[in-house]
Amino acid sequence: MSNVTIKDIKVFVTAPKNINLVVVRIETSEPGLVGYGCATFTWRHTAVVKAIEDYLIPAVKGRCVDDIEDIWQVMKGSSYWRNGPVLNNAISGIDEALWDIKGKMANMPLYSLLGGRSRTGILVYRHADGNSIEAVEKQIQSYLDEGYKYIRCQMGTYGGNYDGTRQAINKPKGSFDGSYYNPDMYIRSVIELFRHVRADFGSELGLLHDIHERLTPVDTLKLAKKMEEFDLFFLEDALSPAQGNYFRYLREQTTVPLAMGELFANQLEWKPLVENQWIDFVRVHLSDIGGLTPAIKLAHFCDAYSVRTAWHGPSDLSPIGMTAQMHLDLNIHNFGIQEFSEFTDEEREVFPGCPNHGGDGYVYLSDKPGIGVDFDEKAAAKYPPVDMDHSWMFTRITDGTAVRP
Ligand code: GCO
Ligand code: MG
């Protein structure tokens with residue numbers, strides 16, 4: 001037991017990639033010993049900052065940094081009403097920073113502290129997208145040239161708003177504003193895209209697709225069955241969390257591997273899917289469930305049911321959060337794959353120590369103690385928070401009905 005305590009906590013918002021990232025810094029009673037965590041809920045970042053500053057800092061200041069489990073329980077329970085993404089992200093920032101500190105105190109990289117490595121490199125997948133089959137295939141080729149082996153293919157982002165689709169949508173007069181898509185066209189376009197990609201790139205290429213909860217359950221089933229012939233690594237976020245039970249019917253009727261969970265915020269959402277083995281990969285957004293502490297438990301729970309992990313790894317996640325989950329990727333036995341995008345020069349400037357792709361489809365971690373990614377406050381200040389464009393989230397189908405998300 002150490003007697004090092006939490007002396008101060010600061011929250012930063014920085015946007016080196018024009019996406020607001022929320023970073024928590026814990027200063028300890030030990031001079032020079034600090035930890036960093038990710039609390040990025042980019043679409044509501046000011047609410048997360050407020051939750052940390054007004055409620056979590058007073059609750060945890062002065063606590064011994066050793067007691068991560070109890071500190072997590074205190075943060076989670078102290079609002080009585082709990083479980084939402086704002087509060088969970090706030091908790092995650094502090095939780096990950098405490099794990100970072102624990103690693104630094106032990107002089108071990110986090111993966112080592114968690115029990116060591118189950119593998120030496122982290123298998124990753126990239127995103128290819130474009131407004132036409134040719135554009136998507138060009139992007140795939142450039143990833144292959146860089147050495148990546150697994151690629152998620154979309155055409156015209158989620159819901160398939162590719163060339164000509166928007167114009168072809170027969171909206172009613174006086175329609176509300178929004179980001180419209182036609183589910184039938186989307187289904188047809190995905191099948192056409194994958195038919196070309198498989199034929200042009202052969203059977204070795206690992207392929208994935210994200211439905212992004214854009215279809216009704218029965219349309220999802222229809223698409224999943226048609227996708228069987230393309231031998232996907234997995235089909236991502238086929239349904240919304242509210243439609244969880246329908247995974248049972250997908251599981252019974254299709255052989256397509258299913259990955260689910262980036263919108264999950266609490267265990268009631270993933271528990272039935274895992275214990276019934278209705279999904280093959282769990283892909284929660286770590287900060288959205290409260291950080292590393294619950295993710296470690298979730299990973300081990302999934303292991304008992306042969307469900308593998310594919311943690312959510314989008315652009316709206318700080319390099320600290322991405323690297324924190326990569327330590328778990330190295331450690332757990334039931335790791336599947338990691339969603340990944342290369343860090344930009346600006347991100348690397350603000351977050352020194354970002355991990356690197358080895359040119360072979362794997363990302364490698366350094367053996368620096370803790371999470372191993374630093375935070376340069378001066379560089380961060382060069383990239384102040386930006387106004388985020390929410391319009392793509394006002395999603396509607398042809399007749400104007402809103403679709404979540
Ligand atoms: C993914 C996701 C993201 C989300 C984004 C929301 O699979 O990477 O679906 O692209 O849309 O994180 O802010
Ligand atoms: Mg997704």
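## A contact between two helices

A polar contact of 2.8 Å joins the side chains of Lys-76 and Asn-88 in this predicted model. Asn-88 belongs to helix α3. Its relative accessible area is 0%, so Asn-88 is buried.

Met-75 sits in helix α2. Met-75 is buried, with a relative accessible area of 3%. From Met-75 to Ile-91 the C-alpha distance is 6.3 Å, although 16 residues separate the two in sequence.

Where does Asn-83 lie? Asn-83 is in the loop between α2 (68–77) and α3 (85–106). Its phi is positive, near 95°, and the residue is not a glycine. Asn-83 has a relative accessible area of 28%, so it counts as partly exposed.

Gln-277 is another residue other than glycine with a positive phi, near 55°. Gln-277 is placed in the loop between α10 and β10 (281–282). At 39% relative accessible area, Gln-277 is partly exposed.

## Helix α7 and its ends

Helix α7 covers residues 183–201, 19 residues in total. From first C-alpha to last, α7 reaches 27 Å. That is close to the 27 Å expected at 1.5 Å a residue.

What caps the N-terminal end of α7? Asn-182 does, with a side-chain oxygen 3.0 Å from the backbone nitrogen of Asp-184. After α7 comes Gly-202, with a positive phi near 85°.

Buried positions in α7 include Pro-183, Met-185, Tyr-186, Ile-187 and Ser-189. Val-190, Ile-191, Leu-193 and Phe-194 are also buried. Further along α7, Val-197 and Arg-198 are buried too.

## The magnesium site

Which residues are the protein donors of the magnesium ion, ligand 2? They are Asp-210, through OD, and Glu-262, through OE. These donors lie 2.1 to 2.2 Å from the ion. The two residues come from distant parts of the chain, 52 residues apart. Asp-210 is in strand β7 (residues 206–210). Glu-262 is in the loop between β9 (258–260) and α10 (267–275).

Are Asp-210 and Glu-262 buried or exposed? Both are buried.

## The surroundings of ligand 1

Ligand 1 is surrounded by 14 residues. The closest are Tyr-158, His-212, Glu-262, Asp-316 and Glu-339. By class, the shell around ligand 1 holds seven charged, four nonpolar and three polar residues.

For Glu-339, a polar side-chain atom lies 2.4 Å from a ligand oxygen. For Glu-236, the distance between an N or O atom of the side chain and an oxygen atom of ligand 1 is 2.9 Å. For His-312, a polar side-chain atom is 3.3 Å from an oxygen atom of ligand 1. How much of ligand 1 does the protein bury? Taken alone, ligand 1 exposes 340 Å², and the protein buries 88% of that.

Notes: Residues numbered from 1 in each chain as written. Chains lettered and ligands numbered in written order. Predicted model: local features only at pLDDT ≥ 70, side-chain atom pairs only at ≥ 80, totals over all residues. Heavy atoms only, no water. Donors = N, O, S within 2.8 Å, 3.2 Å for Na, K, Ca; no water. Helix = DSSP H or I, 4+ residues; strand = E, 2+ residues; numbered from the N terminus. Buried < 20%, exposed > 50% of the residue type's maximum accessible area, 1.4 Å probe, protein only. Near = heavy atom within 4 Å. Polar contact = N/O pair within 3.5 Å; in protein donor to acceptor, adjacent residues only side chain to side chain. Areas by Shrake-Rupley, 256 points an atom, 1.4 Å probe, with all protein chains shown as cover. Nonpolar A, V, L, I, M, F, W, Y, C, P; charged D, E, K, R; others polar. Expected span 1.5 Å × (residues − 1).
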